[in-house]
Amino acid sequence: IDPTLDLEAEIARLKKEKNAIILAHYYQDGEIQDLADFVGDSLDLSRKAAETDADVIVFCGVRFMAEVAKILSPNKTVLLPDSKAGCSLEDSCQPEPFRKFREQHPDHVSITYINCSAEVKAASDIIVTSSNAAEIIDQIPADKPILWAPDRHLGAYLAKKTGRDMTLWNGSCIVHEQFSERELIRLQTQNPDAKVAAHPECHDGILKHADHIGSTRAILEYVINGPDQKYLIATEPHIIHQMEKAAPHKEFIPVPGADGSCACNNCPFMELNTLEKLYLCLVNNGPQIIMPEDLRVAAVKPLERMLEMSK
Ligand code: 13P
Ligand code: SF4
């Protein structure tokens, strides 16, 4: 790329030319969030992808999110700036072992976190995100046991919150698993009035200290609408960009990992997307999400169930 190129202007021009929309997750770099037409959590992004009338969706997030856009909007071109932008939760739950897991529990309803492949979605009954999981679980008849995949921490949190019998797959997010309880307690002693906001992908050592647990959007709303004070943030730190924009007078402190650094909590998959790759994917019309139609048709059912069951 020519170093004198005005990337932001070129992206804006290409977007107009191709009737494209840029969707970004809160864990993307601040400069990508600022350029996006819409920034949201997994649920908001999937709703936006389903309703847009753009011809091209540039998905600045990870592969499973871009796949959801393609599943819900099959006639649109869906671009992912870096095709290697995966997710450790998706990696932890391969389709074949997942099908066996289901076979071993034939009487269970299978509720699966959206952070999984299209194949695993296709083999599930209902998909959920962290913002609608409890609401959807509450609608399942009380006598029905639940099979949950892939995040064991989110699963354990939901089982406790809803009081349901849930059999958990043993997956986790490499980012949220790294938060250190000891570092969090150290920060709390230094900032005794600070509130703790955590994503439910965190382990219980973090969640038990949290004043608020929720999806990325719920965390954002909590700190923006909350009193003027310090907040300790236990989720991927790029979300702090939106917090500082919306509430510049409040202080947001990222909770570090065991080595005391916050950089280790950056999602290595989200980080693969850059402004340069965003520009190039618009120029090249790729990498694109391509999916066999039979897989898409199978995966859309549990996703539509999610959209019907959540407000
Ligand atoms: P949200 O649905 O809260 O945006 O979470 C997405 C994610 O990947 C969290 O790690
Ligand atoms: Fe996956 Fe964790 Fe990255 Fe979210 S933060 S995309 S769950 S690896």
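**Figure 1. Helices H3 and H4 pack at an angle of about 35°.** In this predicted model, H3 covers residues 42–51 and H4 covers residues 63–72. Their axes lie 8 Å apart. The crossing of H3 past H4 is right-handed. On the H3 side, the contact is made by Ser42, Leu45, Ser46, Ala49 and Ala50. H4 contributes Met65, Val68, Ala69 and Leu72. By class, this contact has seven nonpolar residues and two polar ones. It has no charged residues.

**Figure 2. The protein chain is divided into three domains, shown here with the contact of domain 1 and domain 3.** Domain 1 takes in 7–86 and 270–290. Domain 2 is built from 89–173 plus 298–309. Domain 3 runs over 176–265. The C-alpha centres of domain 1 and domain 3 are 27 Å apart. Their contact uses 10 residues from domain 1 and nine residues from domain 3. On the domain 1 side, helix H2 (30–35) and strand S2 (38–40) are the elements that each give two or more residues. That side holds three nonpolar, four polar and three charged residues.

**Figure 3. Ligand 1 sits in a shell that draws on domain 2 and domain 3.** The residues around ligand 1 include Asp41 and Ser42. Also in the shell are Asn115, Thr129, Ser130, Ser131 and Cys173. His199, Glu201, Ser215 and Thr216 complete the list. By class, eight of the shell residues are polar, two are charged and one is nonpolar. Ser42 belongs to the ligand 1 shell and also to the H3 side of the contact with H4.

**Figure 4. Ligand 2 is surrounded by 13 residues.** The closest are Cys87, Ser88, Cys173, Val175 and Cys267. Nine residues of this shell are nonpolar, two are polar and two are charged.

**Figure 5. Confidence of the predicted complex, given as pLDDT, ipTM and pTM.** The protein chain averages a pLDDT of 97. 100% of the residues score at least 70. For the complex, the predictor gives an ipTM of 0.98. The pTM is 0.97.

Note on methods: Residues are numbered from 1 along each chain as its sequence is written. Chains are lettered from A and ligands numbered from 1 in the order in which they are written. This is a predicted model: local features need pLDDT of at least 70, side-chain atom pairs count only at pLDDT 80 or more; totals for chains, interfaces and linings use all residues. A residue is near a molecule or strand if its C-beta atom, placed from the backbone, lies within 6 Å of it. Ala, Val, Leu, Ile, Met, Phe, Trp, Tyr, Cys and Pro count as nonpolar, Asp, Glu, Lys and Arg as charged, and the others, Gly among them, as polar. Domain bounds come from an automatic or database domain assignment. pLDDT is the predictor's confidence in each residue, from 0 to 100. Axes are lines fitted to C-alpha atoms, for helices over the stretch in contact, and angles run from 0 to 180 degrees between N-to-C directions. Helices (H or I, at least four residues) and strands (E, at least two) are DSSP runs, numbered from the N terminus. A crossing is left-handed if the near helix is turned anticlockwise from the far one by less than a right angle, and right-handed if clockwise. Two residues are in contact if their C-beta atoms, placed from the backbone, lie within 7 Å.
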